[in-house]
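User: Hey, I'm new to this one and would like a quick tour. Can you walk me through it?

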Amino acid sequence: MLSDLSKFSTSDVPQALTYLVNDVARTHGSISVVAVSCVVLVDDEALVAEIHANRRASKLGAMILATTVLGFTASPSETMATLRDAGYSPVQRDSDGQFSVARISVADDVDVSPPYHVEHEAPFALRAEHLLSATPPTSTRGALVDLVGGDSHPSHRYTFARGLRCVVAYRGRVFVAHSASKRGEMIQVWNATDGRYEMLVPSDIRVV
């Protein structure tokens, strides 16, 4: 630009203008704006590269913004669902960094009662004492109890086998599940966290 200005100037380009052009040239482009729909924060730099290379994540318009930050052009909800389907366990945060717990609105005429019997609400301490001391009684679902991971507490295994709601750890994921039933060599459960049925390998199930 300065050379072009000098061609049309009858004298040298003023020094003040030269300084101004050079200052603008030095700072131009030092800040970039990228259009993204959401960002994913990762503690491990190696995990950033792994997610970026994942085929499912690449369909979301994944881009590495920093060593521990990924940007996606897909919506936050779509990004969360895809990462979970890919085997990761993301959590959603608000703009202030706090964990976000989504609430699903339900129509007034929809029956939201759980598909299992719920006794009256007992105090937390009483329920905790019961879980720690209860001995699984004999049940027609005893075979299902024995299939669940051996490191699970006996009362937890019985709760799971009865089809009641419990927390399950399975191959690096943790979710709420209920309605367990045997399907051949597998166990089918309703994953209440992700809202879908899943087929699980019995030996890999741990009820926590």
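User: Let's start with Glu-198: buried or exposed?
Analyst: Glu-198 counts as buried, because its relative accessibility is 9% and the cut-off for buried is under 20%. Keep in mind that this is a predicted model.

User: Which strand does Glu-198 lie in?
Analyst: Glu-198 lies in strand β7, which covers residues 196-200.

User: And what does the side chain of Glu-198 make a polar contact with?
Analyst: One partner is the side chain of Asn-191, at 2.7 Å. The side chain of Arg-196 is joined to that of Glu-198 too, by a polar contact of 3.4 Å.

User: Leaving aside neighbours within four places in sequence, which residues is Glu-198 in contact with?
Analyst: That list is Arg-173, Ile-187, Gln-188, Val-189 and Asn-191. Asn-191 is also the polar partner at 2.7 Å.

User: OK, how many bridges are there between β6 and β7?
Analyst: Five, and the two strands pair in the antiparallel sense. In one of the bridges, Trp-190 is partnered by Tyr-197 in β7.

User: What's in the turn between β6 and β7?
Analyst: The two strands make a hairpin with four residues between them. Gly-195 sits in that turn and has a positive phi of about 70°.

User: What about β5 and β6, how do they pair?
Analyst: Strand β5 (residues 173-183) and strand β6 (residues 186-191) are antiparallel, with five bridges. His-178 has Trp-190 in β6 as its bridge partner, and Trp-190 also bridges to Tyr-197 in β7. The hairpin of β5 and β6 has two residues between the strands, and Gly-184 there takes a positive phi near 65°.

User: Switching topic: in what order do the three strands of the open sheet come?
Analyst: The order is β1-β3-β2, with antiparallel pairing.

User: Why is one side of β1 and of β2 left without a neighbour in the sheet?
Analyst: β1 (38-41) and β2 (63-66) are at the edges and each has a single partner strand, so one side of each goes without a neighbour. From one strand to the next, the twist averages 35°.

User: How many bridges pair β2 with β3?
Analyst: Three, between β2 and strand β3 (residues 69-72), again in the antiparallel sense. Ala-66 is the residue opposite Val-69 in β3.

User: Last one: which helix lies across β2 and β3?
Analyst: That's α3, residues 45-53, and it runs at about 20° to β3.

Technical notes. Residues numbered from 1 in each chain as written. Predicted model: local features only at pLDDT ≥ 70, side-chain atom pairs only at ≥ 80, totals over all residues. Heavy atoms only, no water. Pairing = 2+ DSSP bridges. Axes fitted to C-alpha atoms, helices over the stretch in contact; angles between N-to-C directions. Contact = heavy atoms within 4.5 Å. Buried < 20%, exposed > 50% of the residue type's maximum accessible area, 1.4 Å probe, protein only. Polar contact = N/O pair within 3.5 Å; in protein donor to acceptor, adjacent residues only side chain to side chain.
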